[in-house]
Amino acid sequence: MRPAPPTRRRGRLMARGRAAPVRTCVGCRVRSVKSDLLRLVVVEGVIVPDPRGRLPGRGAHLHPDPGCLELAERRRAFPRAFRLPGPLDAGALRARLAARAAQQQDG
């Protein structure tokens, strides 16, 4: 009897030689390693970034790219991802992503 070939664990990709958790970006719907995405949570109706992943509540993941944010807003993905009714304020998130994009262009 021949041994079965090793298989990749479901829901994990290899990152730096080790298996890492995988999440889906709510904007572009591309599956990526969790460390490549920015976790978001809702605090009092405002979407806030949670870079450490420590804030309580249901989280959603997004590539730290203004294009993915625009896609998520156009598709109305945030209320579905957070399972909350109505529009959510993404102003703080938009400002953070714009500042990060400007910082990357400068240096």
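A polar contact is taken here as a pair of N or O atoms within 3.5 Å, where, within protein, one atom must be able to donate a hydrogen and the other to accept it, and where residues adjacent in sequence count only if both atoms are side-chain atoms. The structure is a predicted model, in which local features need pLDDT of at least 70 and side-chain atom pairs count only at pLDDT 80 or more, while totals for chains, interfaces and linings use all residues. Residues are numbered from 1 along each chain as its sequence is written, and side-chain values use heavy atoms, with hydrogens and water left out.

By this criterion, the side chain of Ser32 makes a polar contact with the side chain of His63, at 3.0 Å. Ser32 belongs to strand S3, residues 31–33 (strands being DSSP runs of E of at least two residues, and helices runs of H or I of at least four, numbered from the N terminus). Ser32 is buried, with a relative accessible area of 11% (buried means under 20%, exposed over 50% and partly exposed in between, with a 1.4 Å probe and protein chains only). Beyond its neighbours within four places in sequence, Ser32 is in contact (heavy atoms within 4.5 Å) with Pro21, Val22, Arg23, Leu37 and His63.

Phe78 and Phe82 both lie in helix H2, four residues apart, or about one turn of the helix, and both are buried. Rings of Phe, Tyr and Trp (its six-membered ring) pair if their centres lie within 6.5 Å, with planes under 30 degrees apart counted as stacked, over 60 as edge-to-face and the rest as tilted; the count by this rule is one aromatic pair. The ring centres of Phe78 and Phe82 are 6.2 Å apart and their planes stand at 15°, so the pair is stacked.
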